[in-house]
Amino acid sequence: METAKRERYAIVGAGIVIGIIAALLVLFGNPRNMGFCIACFLRDTAGAVGLHQAAAVQYIRPEIIGLILGSLAMACAHREFAPRGGSAPITRFALGFFAMVGCLMFLGCPFRMILRLAGGDLNAILGLVGFVCGILCGVFFLNKGYSLGRSHRMPQLEGGLLPIAVIALLVLLVVAPDFIHFTATGEGPGALHAAIAISLVAGLVVGALAQRTRLCMVGGIRDLVLFRETKLILGFVAILVSALVCNLIIGAATGTPLFNPGFADQPVAHTDGLWNALGMFLAGFACVLLGGCPLRQLVLSGEGNTDSATAILGLFVGAAFAHNFGLAASGKGPTPNGMVAVIIGIVVVALISVANTYGKAKE
């Protein structure tokens, strides 16, 4: 009982700190309602290395680098760095790909969905409804025996390759060679960012806290449904409350309101409720089958989990594909290509669910 209570206090405390960090990152230069967004930041990084040419969203985000390295440092400190993988890599890649398609329809990951709510963006409520419904669909298959198979021990180097890769990205960001793309003007989210050192430290802290507490929005809702366990979801409630309070304080202190309740005129958001909901439905459905939200996948990759690294590659390529082929929504709303892609994604994820639930039962 005491152990469970301490875990809850630790998760809530971590959530409070993470919410404060996310709000402060906006104060230091990140886009409004986007102090942290795994989907957006992976998209920006993909553009920076030339995988897409959307000039408004090109910047290597140090927060992503910090998340992975913070998790790695904490895992090593507690002897939890244990490379494992080999469980259905192509399927995990596909799930990551379509999770990103869903996130870019909504214009944010589950983490940003909470921060959008803290900024007063009521469109995120519709996203949350879709997200929960997607998770419930995934939970149905989990209850029926869905599995992607067992992972296996991997060499130490295998688990360290992604952290090495993000260190290389950090070097490229600092050195800024000609082949790295940067959003040139303040018109796009890629041009709005905190200083490299501030962003990196923020990522390190969030990565370390998320590693120790196992924070995961998908896991929180899943555990609430399956086991009536509330501790993980309390962490995201704490993020919401602390980010909201910080937004109010910062807005009052600076004269620039960071809490603007309503649907219209929200930063990097659109008001199409149906597609906000369907985008997050797809993201929630895919992520519960992966075993965690994008934040959790980054943290697990820092622990040496190559299955999560494969999912991150899927997210990364999905972001590039979405912008190269006009799938990502914008402030003007969803695109026809994006609507088709979300529907295809829901069908593909449903087929993956069926194949890895009922198909395995027949083997």
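Arg92 sits in helix 4, residues 89-106. Helices are DSSP runs of H or I with at least four residues, strands are runs of E with at least two, and both are numbered from the N terminus.

This is a predicted model: local features need pLDDT of at least 70, side-chain atom pairs count only at pLDDT 80 or more, and totals for chains, interfaces and linings use all residues. Residues are numbered from 1 along each chain as its sequence is written, and side-chain values use heavy atoms, without hydrogens and water.

**Around Arg92.** Show the contacts of Arg92, leaving aside neighbours within four places in sequence: Ser87, Leu148, Leu290, Asp307, Thr310 and Ala311. Contact means heavy atoms within 4.5 Å.

Go to Cys293, which is buried at 3% relative accessible area. A disulfide needs a pair of cysteine sulfur atoms within 2.5 Å. The whole structure has zero disulfides. Now pick Cys76: this cysteine is partly exposed, with a relative accessible area of 44%.

**Two loop residues.** Select Ala176, in the loop between helix 7 (156-175) and helix 8 (196-213). Its phi is positive, about 55°, although Ala176 is not a glycine. Ala176 is partly exposed, at 35% relative accessibility. Next, Asp265: find it in the loop between helix 10 (231-254) and helix 11 (273-290). Asp265 also is not a glycine, and its phi is positive, near 60°. Is Asp265 buried or exposed? Asp265 is exposed, with a relative accessible area of 73%.

**Zoom out.** Colour by secondary structure: the protein has 15 helices and two strands. The radius of gyration is 19 Å, close to the 21 Å that the globule rule gives for 363 residues, so the protein is as compact as a globular protein of that length. That radius is taken over C-alpha atoms, and the rule is 2.2 Å times the number of residues to the power 0.38. Along the principal axes, the C-alpha atoms fill a box of roughly 60 × 45 × 45 Å. Of the 363 residues, 55% count as buried. Finish with contacts between residues at least 6 apart in sequence: 81% of them join residues at least 24 apart.

Methods: Buried means under 20% relative accessible area, exposed over 50%, partly exposed in between (1.4 Å probe, protein chains only).
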